[in-house]
Amino acid sequence: MKSLTKMIAGGLSAVMLFSAAACGGSSGEAADGSSGQKVTLNVWGWEPLLKDVADAFEKENPNITIKITNAGTATDQYTALNNAISAGSGAPDVAQVEYYATAQYALSDSLKDLSEFGAKDYSDFYTPGPWSSVNINDKIYGLPLDSGPMAMFYNKEIFDKAGVTSAPTTMEEYYEAAKKIHALGSDYYITADSGEPAPEELMIWAAGGTPFKVDGENLTINLTDDAGTQEFAKWWQKLVDEGLIDTKTKRWSDDWSRKLNEGNIASLTIGAWMASMLDDQAPDGSGKWRVANTPTFDTKATNGEDGGSTLAIMSSTDKAEAAWKFIDFAAHGKGVKIRVDKGQFPADKASLSDSSFLTKTDPYFGDQKYNEVLSKAADDVNTKWQFLPYDVYARSIFSDTAGQATLGKITFKEALKNWQDQLVEYGKQQGYKVNE
Amino acid sequence: MTEQHPENPRPRGEALTAEDTFVRKHRRNWRGWKFVGPFAVVFTFVFVVPICYALYISFFQKKMIGGEQYVGFDNYSRLFADEQFWSAVGRVTIFTCVQVPIMLALAALMALAIDSMKLHGTKFFRIATFLPYAVPAVVSTLMWGFIYGSKYGLVGSLNSVLGTAFDVLSPDTLLAAIGNIVTWEFVGYNMLIFYSSLSTIPHSLYEAAAIDGATEWQIVKKIKLPEMKGSLAITVIFSIIGSFQLFNEPSVLQSIVPGNAITTYFTPNMYAYNLSFMGGQSNYAAALAIVMAIITMAIAYIVQLNSMKEQMK
């Protein structure tokens, strides 16, 4: 389905350019809406809860009207955004941007540095993972909206049947569990991965890897020698070689959710937001699924982030004051509670340690207090991780290169080297000084 | 555009004066433009301008650091050394060489079968085989994707009945699977083109052949097949262009098959799409588009030249 939406979004983006350009014409408006003049903010985002936030915001700020446009989800919106940026007009004032894409837009000067509004004072407000993703070279490029610290969602019924009595906490235990689960039958697997950036790139993050370093125009791309990356490669190689991972089922495909539903895929390492989505993907799994922390690669608890996004202000806007008011409301003020109450996974410490949040239970997870686990997952995130300034592209070619390892024709080591080679070449083409 | 003689109806039969001739000439020119105008405007804006623009931007390079600059033929020289591009071209070439003959042979057989007038329900058959052409490629690919599913699809059901573990969507057979979808989509379309050229053959020819004692096979060989040659050239060109531009089917399948089965450079069009929209390299993608256009045009031209030679014989 994703490609379908991609195409629709492709068409829409063209339309959007015209309609947004038409809206951008009213430049006589006051910058912050406080002087009594009306301001209309164009916000691009796919998060449905933004609508609720906007309604509440408009009530408090009658002079500012929020116009939310869904320009497609994630990469589809980036396509539209790239078009608008290169066209020089039609870009929104505020855009929802995922953490992994933030660096790309920040370093190309498309996003406004929020330090001038005092955003740096918020560093203790947010959890470490999201904050480290918006804090690039000591500038703040967005306010974290939600987060997706990784956790392991597992089907306890299948685990029990296989004789795995407690959730694996280390990769060693994960490997043993994988063997036991596959022993249940040839189509039972501990997890599925057909060579995709999620989970693979994220497992590298969770393994404590720091393959990418960005310092202005200097990049370091070191997948081949980075300890965390190689630790991941070692374990994943072992699991794939022994046929313990389902390497044929793509995430989010129809087969994938059916296999989750029927227990053929017994666990997922995925962002915490999956807690509110798993019942859609696997409705028959009600009461069977539980949440545990991501298995660690060594004894030290480290974790990665899967998804999550920020609200950022485009540098091209002439309504920065009003835009700041809105994102401050949405991501730091009252908007936080509105979204968290409706099930969004928070990116701020206060919500994560709130007792009503922590004690929340769900019959789907057998009345487990799953947020306790997810809250710990947020604390454990490896904050040394950095995204490439072209991570959107890097992920798009992941399956071409690194992802080929799950086909079994080349090793993970070689496959990761292929990814590295292409990333280095691309970086050089884009004018970076790249060290390997 | 002002006219010298706005309304000057000349009574019938009156001799033409020199002035009249001048006016008529002038008027004819102007009328011609009026007819061509709408087409010319649309043609210029949706065809000529985009191609010129693509050509223009293909001489530039945009960097995240350093901005946009003129690079001459750099994009082209990079393209000629780009293994991924050539592997994509190679893939669609193989696809064309295998899928197009199969599809056209099937289409020709169907057209001959319908034209033989020995079948019942030919009208239904004609519509039924043409129907897939009316289904959007995205929809038919999704549909086939579900049929191909090795666990929950039709293939999966066959597997469980026969006890096999056949996986059509594995990287080794994927291209053939896509070929099957494309054949299904376009066989009816090509069949109609063949059929229409068959239906122009006058019946007296068949009667004459029957009187001369020709067998059915001889009629096919001596009358029908030669008649189909002209339409064969058209269908071959259409099909070659179509398969070199393969995009929809693999692109939709990407969300169904394993993540690593369809690369971003699976076909030249997909490569251009990814370069442009994920990699922010629209300049390089423009160069790719120009080169692909030239390759496709060259092949189409060669095919046409050959078929013209055939017809001259």
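Reader: How many residues does the contact take from chain B and from chain A?
Author: The contact, meaning heavy atoms within 4.5 Å, takes 34 residues from chain B and 46 residues from chain A. This is a predicted model, in which local features need pLDDT of at least 70 and side-chain atom pairs count only at pLDDT 80 or more, while totals for chains, interfaces and linings use all residues. Residues are numbered from 1 along each chain as its sequence is written, chains are lettered from A in the order in which they are written, and side-chain values use heavy atoms, with hydrogens and water left out.

Reader: And what area do chain B and chain A bury between them?
Author: Chain B and chain A bury about 3400 Å² between them, with 53% of it on carbon and sulfur atoms; buried area is the accessible area (1.4 Å probe) that two parts lose on being put together, summed over both. Of the area that chain B buries against chain A, 23% comes from Met64(B), Tyr152(B) and Met278(B), more than from any other three residues.

Reader: How many salt bridges are there between chain B and chain A?
Author: There are two salt bridges between chain B and chain A, a salt bridge being a side-chain nitrogen of Lys or Arg within 4 Å of a carboxyl oxygen of Asp or Glu. Lys409(A) and Asp172(B) meet through their side chains in a salt bridge, at 3.7 Å from N to O. On the side of chain B that touches chain A, the residues divide into 15 nonpolar, 13 polar and six charged, where Ala, Val, Leu, Ile, Met, Phe, Trp, Tyr, Cys and Pro count as nonpolar, Asp, Glu, Lys and Arg as charged, and the others, Gly among them, as polar.

Reader: Which residues does a cis peptide bond join?
Author: A cis peptide bond joins Ala198(A) and Pro199(A), with omega about 15°, and Pro199(A) is found in helix H8 (residues 197–206) of chain A.

Reader: Which residue has a positive phi although it is not a glycine?
Author: Asp138(A) has a positive phi of about 65° although it is not a glycine, and Asp138(A) is found in the loop between strand S4 (135–136) and strand S5 (139–140) of chain A.

Conventions
Helices (H or I, at least four residues) and strands (E, at least two) are DSSP runs, numbered from the N terminus.
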